[in-house]
2 protein chains.
Amino acid sequence: MSVTVIRYDASMSRWEPDARGRIALAAMELYSERGFDQTTVAEIAERAGLTERTFFRHFADKREVLFAGQEPFRDLFIPAVVAAPADATPLQAVAAGLYAVADDFEPRLPWSRQRQGVIAANPGLQERELIKLAGLGDAIAAALRGRGVTEPVASLTAQSGLAVFHVAFALWVAPDNTRPLRELIGDSLAALKSVTAGD
Amino acid sequence: MSVTVIRYDASMSRWEPDARGRIALAAMELYSERGFDQTTVAEIAERAGLTERTFFRHFADKREVLFAGQEPFRDLFIPAVVAAPADATPLQAVAAGLYAVADDFEPRLPWSRQRQGVIAANPGLQERELIKLAGLGDAIAAALRGRGVTEPVASLTAQSGLAVFHVAFALWVAPDNTRPLRELIGDSLAALKSVTAGD
DNA sequence: CTCCTCAATGTCAGTGACTGACATCGACGA
DNA sequence: TCGTCGATGTCAGTCACTGACATTGAGGAG
């Protein structure tokens with residue numbers, strides 16, 4: 001009685017599969033091990049088993065490796081804002097997005113910590129992070145406008161929501177934190193409400 | 001009857017004076033004329049009458065030329081926050097900073113428009129702008145903490161204030177705008193207050 | 001007046017990110 | 001069987017940016 005095992009056979013294809021994934025993995029490893037600046041694209045490519053040129057076919061630049069795969073993030077956030085109850089306030093709609101994202105992040109705390117460590121050590125990476133967040137902010141504002149919210153309230157709400165996330169996220173990835181992101185976002189949201197409370 | 005005119009004489013010094021200023025001017029011209037990416041540092045240096053190496057002695061990188069001279073900005077904002085009345089709310093203190101900055105910007109509308117046009121056309125420049133603003137946000141948060149405001153309210157207030165500025169500034173530099181920045185900031189501030197109003 | 005020091009610049013030779021043009025090759029369909 | 005095509009390799013080039021060292025005129029010490 002013979003058993004036929006179907007398994008992946010690299011020889012099926014001309015190259016190892018998932019070049020993009022291998023690049024991302026190799027890059028994260030090297031950035032973590034020796035730092036972003038001390039890592040050359042050639043080294044990443046070598047560890048991933050391909051050439052420098054191919055690296056740039058998969059990622060626009062050396063920094064982008066750490067930020068690709070954020071589309072899921074947006075694709076989780078925006079629908080939640082859109083799907084919020086019709087009678088929700090703009091901030092409540094944004095909060096719905098925030099909570100949706102929080103639950104998605106929760107299982108990835110270790111990975112988020114490692115990534116954040118790399119980014120925190122490099123200003124260039126922080127720049128990229130900020131512009132990605134700004135892009136998300138624009139998308140949130142657009143979603144709010146789709147809900148009938150007018151400018152400038154849409155933009156201000158989106159930015160405020162991002163600030164809430166930023167504060168909560170920083171606490172969440174802190175080395176000694178044990179509280180879930182959802183909870184921290186709740187706290188941060190409450191703090192935001194106190195900002196304009198007395199004015 | 002002879003007239004003695006005292007004027008600047010370039011031969012007094014080994015080099016033309018104000019190398020930094022000449023670089024900044026040349027860079028702004030070239031970035032405006034043909035775009036940031038289409039301008040090389042060598043070209044800027046040539047127009048400024050010096051070498052590429054000297055460019056990098058005055059500015060950390062090609063982008064920084066557009067962002068140097070923002071220290072005055074911070075040095076206007078922070079003291080105003082610090083000097084706000086002791087019984088002012090955190091947001092009122094930030095508003096004081098915003099208004100201080102507004103009056104300083106007002107006379108420079110044409111220059112701000114040109115600069116913003118250059119930045120708007122280039123993602124890399126937007127990245128740099130965002131991180132500069134983030135740095136200002138950190139400084140504002142620190143100033144608030146100095147006023148006894150605790151985290152996370154300090155950070156959230158600072159970020160909200162920056163959002164207010166961002167919205168107002170965008171309207172101010174818009175081609176058809178005629179309203180003063182101070183007024184637009186006032187409007188934007190009022191809109192911010194409505195964000196958390198109903199929640 | 002002469003010499004010394006110093007700051008600002010120039011010169012030069014790199015390194016490394018990124019790009020365009022063209023070659024290669026195995027999978028797959030006509 | 002062959003031609004197309006997508007993913008990759010190869011190669012040469014541009015440009016931002018850096019480190020090491022040389023140069024020179026101004027201004028001070030003597």
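1. Start where the two chains meet. In H7(A), the residues Pro123(A), Gln126(A), Glu127(A), Arg128(A), Leu130(A), Ile131(A) and Ala134(A) meet Pro123(B), Gln126(B), Glu127(B), Arg128(B), Leu130(B), Ile131(B) and Ala134(B) of H7(B). Two residues are in contact if their C-beta atoms, placed from the backbone, lie within 7 Å. By class, the contact of H7(A) with H7(B) has 8 nonpolar, 2 polar and 4 charged residues. Ala, Val, Leu, Ile, Met, Phe, Trp, Tyr, Cys and Pro count as nonpolar, Asp, Glu, Lys and Arg as charged, and the others, Gly among them, as polar.

2. A word on the source. This is a predicted model, in which local features need pLDDT of at least 70, side-chain atom pairs count only at pLDDT 80 or more, and totals for chains, interfaces and linings use all residues. Residues are numbered from 1 along each chain as its sequence is written, while chains are lettered from A and ligands numbered from 1 in the order in which they are written.

3. Now the geometry of that helix pair. H7(A) and helix H7 (residues 123-146) of chain B have axes 8 Å apart and pack at an angle of about 100°. Axes are lines fitted to C-alpha atoms, for helices over the stretch in contact, and angles run from 0 to 180 degrees between N-to-C directions. H7(A) and H7(B) are therefore roughly perpendicular to each other. The cut-offs: under 35 degrees is roughly parallel, over 145 roughly antiparallel, 65 to 115 roughly perpendicular, and the rest oblique.

4. The whole contact is built from 30 residues of chain A and 30 residues of chain B. On the side of chain A that touches chain B, two or more residues each come from helix H5 (90-105), H7, H8 and helix H9 (181-195) of chain A. H8(A) gives the largest share, 9 residues. By class, this side of chain A has 15 nonpolar, 11 polar and 4 charged residues.

5. How are the two chains related? A rotation of 180° with 0.0 Å of shift along its axis superposes chain A on chain B, with an RMSD of 0.1 Å. That is the relation of a two-fold axis. The same surface serves both copies: 100% of the contact residues of chain A recur in chain B. The superposition is by least squares on the C-alpha atoms of residues with pLDDT of at least 70 in both copies. Within chain A, Glu127(A) comes closest to the rotation axis, with its C-alpha at 2.6 Å.

6. Chain A on its own has 9 helices and 0 strands. Helices (H or I, at least four residues) and strands (E, at least two) are DSSP runs, numbered from the N terminus. The C-alpha atoms of chain A fill a box of roughly 70 × 50 × 35 Å along the principal axes. Of its 199 residues, 32% count as buried. A residue is buried if 20 or more other C-beta atoms lie within 10 Å of its own, exposed if 12 or fewer, and partly exposed in between, with C-beta atoms placed from the backbone. Among contacts in chain A between residues at least 6 apart in sequence, 57% join residues at least 24 apart.

7. Next, the DNA. Around DNA strand C there are 17 residues, and Asp61(A), Lys62(A), Ala19(B), Arg53(B) and Thr54(B) come nearest. Here, near means that the C-beta atom, placed from the backbone, lies within 6 Å of the strand. H3(B) gives the most to this surface, with 3 residues. The surface near DNA strand C has 7 nonpolar, 4 polar and 6 charged residues.

8. The largest share, 3 residues, comes from H3(A). By class, the surface near DNA strand D has 7 nonpolar, 4 polar and 6 charged residues.

9. Two loop residues deserve a look. Arg63(B) sits in the loop between H3 and helix H4 (71-83) of chain B. With 19 C-beta neighbours inside 10 Å, Arg63(B) counts as partly exposed. Leaving aside residues up to four places away in sequence, Arg63(B) touches Gly124(B), Leu125(B) and Arg128(B). Gly148(A) lies in the loop between helix H7 (123-146) and helix H8 (153-173) of chain A. Gly148(A) is exposed, with 9 other C-beta atoms within 10 Å.
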